Amino acid sequence: MNFPTLLKRLAPVLLALGLFAVGIDQARAADKPASAAPVKLEGLRNGTPLNQDNPPGNFRQERDHPVSERDFVQQPPLIPHTISGYQITKNFNKCLDCHAWQKTKESGATKISVTHFKSRDGVELDKVSPRRYFCTQCHVPQSDAKPLVPNTFERAKGMQ
């Protein structure tokens with residue numbers, strides 16, 4: 001048997017052995033303790049055990065607030081009024097009492113975006129798409145609540 005033929009037959013075996021050796025080396029490295037100090041993670045529950053509830057935060061929904069500016073291009077608009085007691089079920093959506101296209105003239109509310117009338121396949125529908133029907137999946141009421149954690153977020157340059 002000549003050398004090139006022998007190399008062709010042994011190449012897969014050598015490759016497998018090499019990958020096996022690398023895997024063993026990685027496993028050994030994973031078993032070694034980290035030399036750096038452990039990172040202390042603190043959740044939003046502030047140490048409250050999972051089987052207990054945190055008391056509710058002291059915040060209120062703002063009523064009839066001017067519409068807020070957006071912080072990034074695809075941000076859903078914030079709800080500028082309280083929605084306490086609004087019912088949104090598969091059979092009824094209180095938001096549509098004012099924001100449906102045929103009701104915005106009399107209510108003065110913002111029309112639902114045309115994007116809410118497209119199916120996931122891009123087909124235009126004559127009513128709000130089921131995937132956009134539950135408004136509070138994306139839209140949230142404005143609030144005077146303080147940030148839960150400090151952050152350094154800056155608005156998108158094009159939004160300033």
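## Salt bridges

A salt bridge is a side-chain nitrogen of Lys or Arg within 4 Å of a carboxyl oxygen of Asp or Glu. Lysine 94 is partly exposed, at 33% relative accessibility. Aspartate 97 is partly exposed too, with a relative accessible area of 28%.

This is a predicted model. The whole structure holds 3 salt bridges.

## The chain as a whole

The protein chain has 160 residues, and 13% of them count as buried. It contains 3 helices and 0 strands. Along the sequence, the pattern reads α-α-α.

The accessible surface is about 14000 Å². Carbon and sulfur atoms supply 58% of that surface. Now take the contacts between residues at least 6 apart in sequence: 45% of them join residues at least 24 apart.

## A network around arginine 155

Side chains of opposite charge can pair when their charged atoms come close. Glu69, Asp71 and Arg155 are linked in a network of salt bridges.

Glutamate 69 pairs with arginine 155, with 3.2 Å between the closest N and O atoms. Glutamate 69 sits in the loop between α1 (3-31) and α2 (96-99), while arginine 155 lies in the segment after α3 (104-107). The two are 86 residues apart.

Aspartate 71 also bridges to arginine 155, and here the closest N and O atoms are 3.0 Å apart. Aspartate 71 is in the loop between α1 and α2, so this pair ties together parts 84 residues apart in sequence.

Arginine 155 is partly exposed at 23%, and aspartate 71 is partly exposed at 28%.

How values were computed
Residues are numbered from 1 along each chain as its sequence is written. This is a predicted model: local features need pLDDT of at least 70, side-chain atom pairs count only at pLDDT 80 or more; totals for chains, interfaces and linings use all residues. Side-chain values use heavy atoms; hydrogens and water are left out. Helices (H or I, at least four residues) and strands (E, at least two) are DSSP runs, numbered from the N terminus. Buried means under 20% relative accessible area, exposed over 50%, partly exposed in between (1.4 Å probe, protein chains only). Contact means heavy atoms within 4.5 Å. Accessible areas come from the Shrake-Rupley method with a 1.4 Å probe; for residues, only the protein chains shown count as cover.
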